[in-house]
Amino acid sequence: MAYHQTSYFLFFFPLAVLCYQLTPERHRWKTLLFFNYLFFFFISKKLLACLLVSSALTHYVGLWLGYVKARHREILAQTAREERRERKQSLKQKERRIFLFGLLVHLGLLLFFKYTGFLALNANFLLGGLGVSARFTIPAWAAPVGISFYTLQAVSYLADIYLGKMEEDTNLGRVALYMSFFPTIMEGPICRYTETARRLYSGAPVNWENLTRGSQRMIWGFFKKLVIADRLDILVKTVFNGYVQYDGAVVAAAALGYTLQLYAEFSGCMDIVIGSGEVFGIKLPENFRQPFFSRTASEFWTRWHITLGAWFRDYIFYPVSMSGFAKKLNRNGRKRLGPVYGGIPAAACALFAVWLCNGIWHGSGWHYIFFGLYYFVLILAGNILEPAVKEFSERRGIDRACAAYRMWQRIRTFLLVIFGELFFRAVSLRAGFVMAGKMFANFLPASFTNGTLLKLGLDGKDFTVAACALLLVFVVDYLHERGFHIRDKVAGWRLPLRWCVYYGAIALVIVFGAYGAGYAPVELIYAGF
Amino acid sequence: MRKEHMIKAAAFVLIGLGLLFLAGPVMTPKNNDPAGGIHLQEARGILGEPENSIDVIFVGDSESYTSFCPKIAEKKYGFTSYVCGSAGQRLFESYELLQEALERQAPKAVVIETNCIFRTHGWIKDCQEIADHKLEQLFPAVDYHDRWKVLTASDFGAKPLYTWINDQKGYHKKKGTQTYVGDQYMKKSRGRKNIRPIQQFYLNKIVDFCQEKGIAVVFYSVPSPKNWNYEKHNSIESYAEAKGCIFWDLNLKTDKLKINWKKDSYDGGDHLNHTGAKKITSYMGKKLKKKFGL
């Protein structure tokens, strides 16, 4: 089951909403929890045990941390002022050990399910290089659905208690709901405890406004996923799986196609997810904010997969930046390189940690690690070059705030994103380099005009539909960027007109969606991460 | 939610379903020819056959359409047949194809290749597939949504008229050869491979449907080391006996049929090639002719 399949939106979701609504308010959270686990079971079967273990672990380690912190506060209150600092540090050590225990168990589970095969494969490669004949068996077990997402949620819960940003929750049901909410379990968004847990538990009734607004958002998501993403998947899969036989122009078209596919797919899925949450009255955090309007790579990551970027910022970038090592590096850097460039070595350490983790999080493959480090280089280079570019622009009288310059920045960022996605989608790092090489050494512009693109699984009519749909998405994104929200506008129209728009949107999805006979089912991309 | 809102929601859904239902005849293919866009087009070639002209109808997955050649059977034994098989056919599809075919045909026998009886993707996915299939049956506009590419003015108002005839009568001629290198695969056993409840449900529907129409049901298993074993044989044997059907397991007759695994399979023992199919057709043709007086 997945969010874009009929089994979800025609059966599971309406049934969940109906049962939720029919349950007395104080028991609604139990109904929701039941459907959360049912959804998980439908996809991962007995691996549901992993989610149960993770939820219980998160809850009890949280309680333990909370208890110890409260106890430590009492001890500190009774400690003489002059001894307090030393005592506080030793008590903090104990809290850290508890937090690290919870963290390592969660990361251990993630490592076990997601990366054992990758590690075994690389260990075998090393052993082969060293002339050792022994080999590790490559495991072929499946990972529980959404393990990458709910693990990050669990870690953020524990970290926030450890850092004193919030109190532990004594209610296991609430923690279990937070960890397993079915619309978010497959692809996020990665929620924070304070954002969703209490609302999930409250059992607020489904109301008309939430139902209609949530459904609207879901339809828009289905449009992006089924009309654009699943259609482009045909071309993307053909080229990326058989890249050897195509020239650089076709590879470039596929890289562009994949970038647009991924955006339509992931943001479309987020629309379905956020819409589903909205029906239950849960406001989930946004994961996209018109990313292709970004002017720099770092801005792109504040608009693309926002909750992942925010997670890495809060739980990796800040802690590394505030570590003793980084502070020392910063001091030394400022002394030796001056105030402009002095902070860069320390920032580079924190950035490196963030982007390495980002790459690893996305999957077990060297191309994912390369993808993460690609952004590390881009963002670091941006930071290093910024003062020089600023000085150059001022000297040459270039207005960096003018529309033309901003447009150039957006196009440049878009091209850099496409290049990164090429490696992200490539079947291996080597394949990524071969494909990138073709774009520079074997680019045949004739491929755009001699019909080559029409032999990749999409005919002219498919390209026309994809182009029109993308144009519509672009217009909507542009209006959002300008602060104009179409949903609010449509909601204000008279009923006949409003319903015509809704029926029209549904008809577009049904008729132009790339599903059913003649189309291979397309799994959700991020559900695999 | 207030009552007024519930009425509004119900009205929205009902009007939407009504519109979808009305769009069905427009999107439905108007012919069963390759240009018409009908699904399972080769299996649905039977819709273009003259009324009451087919003596035996075969259903099943790829094992069926690669193993029995109706043209050879007609030439050798004088009866007509059609293979309504399709790749990876599920029993609910077999049932649907049979329902469509039996609207205009009155065969003496329906022959079910047994491999499809054990095809399952797990009960959850099986249920999903059936639900999707039901939805598509109910709303042809969903099933044939992709026909927007070939839609013409004649699609509005015209009724389907099936005129295309499949020369091969559903048979797929496979020419290559790939040797099967495994051991003897039909090792006697008392074990059984269970027929899953969903499959059993549709199998019962097919058998009951045929028997109600007075059509004999024959189960047959094409020699296939990759797919067949004695446990499956035992299950089908019991089922056929319980339902009063015939079961011919050709996997137990490979010596009599002179199946040569070095020459008679095109993919290493999964499916038969044309040489193997000729042997099966001869054997089955003879048996069917004798049994049903065709």
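How many residues of chain B are in contact with how many residues of chain A? In this model, 23 residues of chain B touch 32 residues of chain A, where contact means heavy atoms within 4.5 Å. The model is predicted, so local features need pLDDT of at least 70 and side-chain atom pairs count only at pLDDT 80 or more, while totals for chains, interfaces and linings use all residues. Residues are numbered from 1 along each chain as its sequence is written, chains are lettered from A and ligands numbered from 1 in the order in which they are written, and side-chain values use heavy atoms, with hydrogens and water left out.

**The interface**

Chain B and chain A bury about 2,300 Å² between them, and 71% of this lies on carbon and sulfur atoms. Buried area is the accessible area (1.4 Å probe) that two parts lose on being put together, summed over both. Of the area that chain B buries against chain A, 28% is supplied by Phe12(B), His145(B) and Trp148(B), more than by any other three residues.

The count of salt bridges between the two chains is 2; a salt bridge is a side-chain nitrogen of Lys or Arg within 4 Å of a carboxyl oxygen of Asp or Glu. Lys149(B) forms a salt bridge with Asp459(A), with the closest N and O atoms 3.4 Å apart.

On the side of chain B that touches chain A, helix H1 (3-27), helix H5 (123-138) and helix H6 (140-143) of chain B each supply at least two residues. H1(B) gives the most, with 9 residues. Helices (H or I, at least four residues) and strands (E, at least two) are DSSP runs, numbered from the N terminus.

**Cavities and a pocket**

On a 1 Å grid over the protein atoms alone, a cavity is a set of points where a 1.4 Å probe fits but cannot get out; a pocket is an open set with protein on both sides within 12 Å along at least five of seven lines, and lining residues have an atom within 4 Å of a point. Grid points are joined across faces, edges and corners, and a volume is the space filled by probe spheres set on the points. The whole structure holds 5 cavities of 30 Å³ or more.

| Space | Volume |
|---|---|
| Largest cavity | about 60 Å³ |
| Second largest cavity | about 50 Å³ |
| Second largest pocket | about 1,100 Å³ |

The second largest pocket is lined by 39 residues, of which Arg217(A), Trp220(A), Val476(A), His480(A) and Arg487(A) are the closest to its centre. H9(A) provides the largest share of this lining, 9 residues. The lining of the second largest pocket divides into 19 nonpolar, 8 polar and 12 charged residues. Here Ala, Val, Leu, Ile, Met, Phe, Trp, Tyr, Cys and Pro count as nonpolar, Asp, Glu, Lys and Arg as charged, and the others, Gly among them, as polar.

The lining of the largest cavity includes Arg90(B), Phe92(B), Cys116(B) and Tyr202(B). H7(B) gives the most to this lining, with 3 residues. By class, the lining of the largest cavity has 6 nonpolar, 1 polar and 2 charged residues. For the second largest cavity, the lining has 8 nonpolar, 5 polar and no charged residues.
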